[in-house]
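Reader: Please walk me through how to read a few features of this model.

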Amino acid sequence: MNFFWDLFLGGLTRGSIYALIALGYTMVYGILQLINFAHGEIYMIGAFTALIVASVLTMKGMTGLSVLMVAGVVAVLYSAAYGFTVEKIAYKPLRQASRLSPLISAIGMSIFLQNYVMLAQTSDFLPFPNLIPPSDFLDSISHLIGPSDFIIILTSAIVMISLSLLLKFTKMGKAMRATAQDQQMALLAGVNINRVISITFIIGSSLAALGGILIASHVGRINFYIGFNAGIKAFTAAVLGGIGSIPGAMLGALALGMAESFGTGYISSDYESVFAFAFLILILIFKPDGILGRSSQQKV
Amino acid sequence: MAFWDDHPSKKSKSVFHMKFTEEIKRSIYVALWLMLLTFPIIVIKVNTIDNVIIWRWSNIAGIGLASFLLSFFWQLYLRKKAPEKGVAMEKESFFRRLLENPKIYRPALIIIASCALVFPFIASHYQINVMTTALIYIMLGLGLNIEVGLAGLLDLGYVAFYAVGAYSYALLNYHFGLGFWILLPAGALLAALFGILVGLPVLRLSGDYLAIVTLAFAEILRLVLENWNDFSFGPSGISNIPRPGLFGIPLTPEQSAVYLYFILIALCLLTIFVIYRLQHSRIGRAWVAMREDELACQAMGIDKTKAKLAAFALGATWAGMAGVLFAAKTTFINPASFTFLESAMILAIVVLGGMGSILGVITAALAIILLPEYLRVFSDYRMILFGAALILVMIFRPGGLMAEKRRQYQFHHTDIEDKT
């Protein structure tokens, strides 16, 4: 039972992180029908920025919760700015082009950002400090759930709920849903498409950065390549849930996290990603549009 | 953020007398924004072990200057481009006319062919090897072109077929001692079978679902190869793979490089011939119809299942062959050669070349493989330049270097006028 509980928690933690990144994928896809391959890199940049800011602050003598807060806020802001700029440079000029051109441009951007961080920083793994300060409350529940697991699950739950509320009840959320449904029609109804796209990228990138900081302090080390794997997994999660669907991304991410966690726990730890991908293929054979995806049945 | 949104060409006429002030102002904004953006990663370097921070202020100045200049020239380009659009189209068709003129392309072909024949005898061993790699990528590009360019099936895991080819050569040779010439078709066949295996479950999927499933298959294959030590020798790979034999005559490594070069030239010609014939065959036209509209294509009586599987199998065949040749060339393979980056590279070749265009794929493969090899001076900056180049080419030529010209029938008025 205890082993099962550990695996369940591990899956939940993993799934929460995947969900944070998958939301960015699915939101961008919903609006632009673009697989944003550079999204994983934004996540990596978020983690790096947090590491740099946190180290500088620590060396200047700051401690405790304030380091986490400042580093987190700066990293999220920076990643949002990166997401915004990436869209303007690599995707906006290609909005009228065929579907594959922005995809290649996205792959190019991903390679570019990876190497940019590698050249400017280092290609080695960097230790990431544990930013979560000790507290009595976390200690008291530590026999049930580890502190970082708790923080990760809590944060992503809060973020996901607020994102859903934002999309459902604000004017911007309405505009975003309208743009995802039909861009031309939204334009006619007076929605500023460029702004909606920018905001989508900003929100998606902020979520990715948050995921980056959380996972980095959970795992304890980062390098310039972490974005690729996380990005692929998150994309898998988004597709699993039905790409373009926001609840689908959350559900898909949790399912993927569970599949990986239980697969590694009960079968073999060497094939962690294999379980995720095999699970994806299995689901898609039976439900070709993902778990919650809109059916793409064509009609003439 | 208005500096991004305004289209400079709109204003260019009314503020023309102000010369460059508008551009300079906007470029300063861009430069400041990018300096701010790159600041933490470019300037600060922390060493968490010794607890020191290195501030590299000179970098930020470079970024500022470079982005200012780039943005300035970009805006000048936009201003110039706006009224000249018609001229660019004219030039384009002129270039195409050149290519279609027998007086031009026949001598050009002869020159290229003779260069290709003489090349291995004047070039160094290293250069032959580089060229062989480029030829392998031409094959891969042409093969993927069947799937992506013709049939419109976005395959992000093409490298899996390449890996199947390479590993089937290496493993069958290791276990059964079979030779290159038996295993070349065998590898191609196995890859084709694997293509059908991948194709079967994804028949119902379309577009990006297909993309992720192919990617998933490739990653699964790579991970299995990496972890199943008894079968594939794990991450350490397989070494001492024999080079292709020539009727049992022993060859030095230099000679065998030349030999492999000629095998590849022959196989590339075969690939080009087969794909050219396929393109205009019944199945080729079915693929194009499927790419354009699946529903309409089914309504025309095309068996979608068969067409899709044929595209996967034929695309995989060339990758399998290329894989065998790759294993024979390097004599050592391990799973690290078959990562997603490789798939992305091949896809980039197809899209950069212009989807569906044979000549475009060849040009792009040569450019993508040869340029980085000869830019070894910037070895650290190779990949970052590659990434930037992908973005730039896509922005300037979203249709690829040489977009395929659609076959069309033209109605000539003159014929009718003559008769009446």
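Author: Start with contacts in chain A: among those between residues at least 6 apart in sequence, 77% join residues at least 24 apart. Two residues are in contact if their C-beta atoms, placed from the backbone, lie within 7 Å. This is a predicted model, in which local features need pLDDT of at least 70, side-chain atom pairs count only at pLDDT 80 or more, and totals for chains, interfaces and linings use all residues. Residues are numbered from 1 along each chain as its sequence is written, while chains are lettered from A and ligands numbered from 1 in the order in which they are written.

Reader: What share of the 300 residues in chain A is buried?

Author: A residue is buried if 20 or more other C-beta atoms lie within 10 Å of its own, exposed if 12 or fewer, and partly exposed in between. In chain A, buried residues make up 53% of the 300 residues. The C-alpha trace of chain A spans about 60 × 45 × 40 Å along its principal axes.

Reader: How do I read a helix pair?

Author: Two packed helices are described by the angle between their axes and the distance between the axes. Axes are lines fitted to C-alpha atoms, for helices over the stretch in contact, and angles run from 0 to 180 degrees between N-to-C directions. Helices (H or I, at least four residues) and strands (E, at least two) are DSSP runs, numbered from the N terminus. In chain B, helix α8 (residues 159–176) packs on helix α9 (residues 180–199) at about 135 degrees, with the axes 8 Å apart. The residues making this contact include B:F161 of α8(B) and B:L183 of α9(B).

Reader: How many residues does each chain give to the contact between chains A and B?

Author: Chain A gives 54 residues and chain B gives 44 residues. On the side of chain A that touches chain B, α4(A) gives the most, with 14 residues.
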